[in-house]
Amino acid sequence: MPAFRLRSVRLRALAFSAVASLSLAACSSDPTLYSLAPTPGVSQAGGPSVVEVRTPIVSARLDRDEIVRQDRDYTLKIASGEAWSEALGNMIGHVLTRDLAQRLPGTTVFAQNDAVATKPGAYVELTVTAFNEDQNGQAVLQAMLSTHPAVGGIGPVMTLPVQLQEALPQHTTRALVAALSNMLGQTADIAAQRLRVMPSLPLPADSP
């Protein structure tokens, strides 16, 4: 084989090898996945017998696979190679559900779209506008929390702003997720207090 053809074959082989190596590296660089976790609170009976936690609404700037680490100087800082393990709104809803179930013994608490055989006596709704590290390096949770009876016109719709913050022992994604989990537990504390003072209403007539 002529020398120039041999060199051409070798160059093509080297190029193919380089592309294959890059493809393997890309496949192996999966992101680190993080999950929120429920936190314990004060258990106390009272309130409706069945509660549904509706899937929270999350601000579009936060509702992404990648974790938003910080909102600072008009810029969102995204955690490189680190992502949520599931859609953020769904995860917040399921963790809030578990937090509330622990705080409301004797109450059936389920998340929206869960397969259940009964209808709720009350709803919990959450709209999240901040769920990250702030300008000052503290973890923040800002939201609007609503608790109200399932039957319209009976009892008040109790909506209040939630503004929580927590100092971070370390400026890492793991520390941020732990702090956000703690503040979600505090949000469940507030919701549980509201639900306990809500009158226990009869379920709708068409419920099983």
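The legends below go with close-up views of a predicted model. Local features need pLDDT of at least 70 and side-chain atom pairs count only at pLDDT 80 or more, while totals for chains, interfaces and linings use all residues. Residues are numbered from 1 along each chain as its sequence is written, and side-chain values use heavy atoms, with hydrogens and water left out.

**View 1. R103 joins D99 and D189 in a network of salt bridges.** A salt bridge here is a side-chain nitrogen of Lys or Arg within 4 Å of a carboxyl oxygen of Asp or Glu; a search of the whole structure turns up 6 of them. R103 meets D189 at 2.5 Å, N to O. Helices (H or I, at least four residues) and strands (E, at least two) are DSSP runs, numbered from the N terminus. The bridge from R103 to D99 comes in at 3.6 Å, N to O. Here both partners sit in helix α2 (residues 88–103), 4 residues apart, which is about one turn of the helix.

**View 2. R54 pairs with E125 and has its charged end over the ring of Y123.** The closest N and O atoms in the R54–E125 salt bridge are 2.8 Å apart. It's another link between distant parts of the chain: E125 belongs to strand β7, R54 to the loop between β2 (50–53) and β3 (57–58), and they are 71 residues apart. Both ends are partly exposed, E125 with a relative accessible area of 25% and R54 with 28%. As for Y123, the charged end of R54 is 3.8 Å from its ring centre. To count as sitting over a ring, NZ of Lys or CZ of Arg has to be within 6 Å of the ring centre and within 35 degrees of the ring normal.

**View 3. W84 and F131 form a tilted aromatic pair.** A search of the whole structure finds 1 aromatic pair. Its ring centres are 6.3 Å apart and the planes meet at 40°, so the pair is tilted. Rings of Phe, Tyr and Trp (its six-membered ring) pair if their centres lie within 6.5 Å; planes under 30 degrees apart are stacked, over 60 edge-to-face, and the rest tilted. W84 comes from strand β5 and F131 from strand β7, 47 residues apart. Both residues are buried.

View 4. T173 lies in helix α3 (residues 173–196). Which residues does T173 touch, not counting those up to four places away in sequence? They are Y34, I67, R69, A79 and E82, with contact meaning heavy atoms within 4.5 Å.

**View 5. D73 and N113 both have positive phi.** Most residues other than glycine have a negative phi. D73 has phi near 50° and is found in the loop between β4 (66–72) and β5 (75–84). N113 has phi of about 75° and lies in the loop between β6 (108–111) and β7 (122–133). With 70% relative accessibility, N113 counts as exposed.

Notes: Buried means under 20% relative accessible area, exposed over 50%, partly exposed in between (1.4 Å probe, protein chains only).
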